[in-house]
Amino acid sequence: MHVDKMAEAMRATVAALLHGIDRYNPENLATLERYVELQCRENTYDLEANLAVLKLYQFNPTYYQTAVTAQILMKALTNLPHSDFTLCKCLVDQVHQEEEMITRVTFLADLLETCQFKLFWKEISLTPEVIEGVSGFEDSVRKFICHVVSITYQRIDKQTLLELLGDIEDHQLKQWMNKYGWRDEGDGYVFLANQEENVKTKNIVEKIDFESVAGIMAASIQR
């Protein structure tokens, strides 16, 4: 079966499980865990299914799998700036949050959420095993970084941008620039966007009818 069709079939199977009476049946964990592995391998994502796995671990602590939980948290990071990581982490017991594999992922999340991108890439280079098996993870993070850079800068030093994106090559940077419509200005800087053009003015009109102020006016007259 073609990979895409296999992933789609698995998604349909899981969707049926999640919407049925067996949503929190621990016997379904094996299927759901395989689905998490499929998401990592094929670079797909299903937050609802992953939350169901973590909920099942809560209800059935003897079934808990650290590796699967770490995979779920890593997949949640690929969907920044959405709050998926926080949602998933809240379902992980505090004791398990202190496990080494989980604390590594949490540390990476902290670096990304506080925009310490250079330190993030350094940590990845020191512990590359953390992202092994999570297909597309680095590019998903780069997409988030591009989002942050776009809303922060009008112009940015080209070398700085290369470093923020993980010391990528020039030809890779050109691909990201094309994707986001950025322009190389030829003076060592990249033009991202005119932030003033992105600020939308909004006229606020307040409608106050006579009845709404009549009481206030009467009270002031009485004073």
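In this predicted model, Pro81 lies in the loop that runs between helix H4 (66-77) and helix H5 (84-89). The peptide bond joining Leu80 to Pro81 is cis, with omega at about 10°.

The protein chain has 223 residues, and buried residues make up 37% of them. Among the contacts in the protein chain with a separation of 6 or more, 64% are accounted for by residues 24 or more positions apart.

What is Leu77 in contact with, leaving aside its neighbours within four places in sequence? Leu77 is in contact with Phe85, Val105, Leu108, Ala109, Leu112 and Phe137.

Two packed helices are described by the angle between their axes and the distance between the axes. For helix H7 (residues 100-113) and helix H8 (residues 117-126), the axes come within 8 Å and cross at roughly 155°. Angles over 145 degrees count as roughly antiparallel, and H7 and H8 are therefore roughly antiparallel to each other. Their crossing is left-handed. On the H7 side, the contact is made by Phe107, Leu108, Leu111 and Leu112, and on the H8 side by Phe117, Leu119, Phe120, Glu123 and Ile124. Of the residues in this contact, eight are nonpolar, none is polar and one is charged.

The loop between H7 and H8 is the place of Cys115. Phi of Cys115 is near 60°, which is a positive value in a residue other than glycine. Is Cys115 buried, partly exposed or exposed? Its relative accessibility is 39%, so Cys115 counts as partly exposed.

H8 also packs against helix H9 (residues 137-152), at an angle of about 170° and with the axes 12 Å apart. H8 and H9 are therefore roughly antiparallel to each other. In this pairing, Phe117, Phe120, Trp121 and Ile124 of H8 meet Phe137, Glu138, Val141, Arg142, Phe144, Ile145 and Val148 of H9. The residues of the contact divide into nine nonpolar, no polar and two charged.

H2 contributes Leu29, Leu32, Glu33, Tyr35, Val36 and Gln39 to the contact, while H3 contributes Ala49, Asn50, Val53, Leu56 and Tyr57. These residues divide into eight nonpolar, two polar and one charged.

Asp167 is found between helix H10 (158-164) and helix H11 (170-180). Phi of Asp167 is near 55°, a positive value in a residue other than glycine. With a relative accessible area of 56%, Asp167 is exposed, whereas Cys115 is partly exposed.

Note on methods
Residues numbered from 1 in each chain as written. Predicted model: local features only at pLDDT ≥ 70, side-chain atom pairs only at ≥ 80, totals over all residues. Heavy atoms only, no water. Contact = heavy atoms within 4.5 Å. Axes fitted to C-alpha atoms, helices over the stretch in contact; angles between N-to-C directions. Helix = DSSP H or I, 4+ residues; strand = E, 2+ residues; numbered from the N terminus. Parallel < 35°, antiparallel > 145°, perpendicular 65-115°, else oblique. Left-handed = near helix turned anticlockwise from the far one by under 90°. Nonpolar A, V, L, I, M, F, W, Y, C, P; charged D, E, K, R; others polar. Buried < 20%, exposed > 50% of the residue type's maximum accessible area, 1.4 Å probe, protein only.
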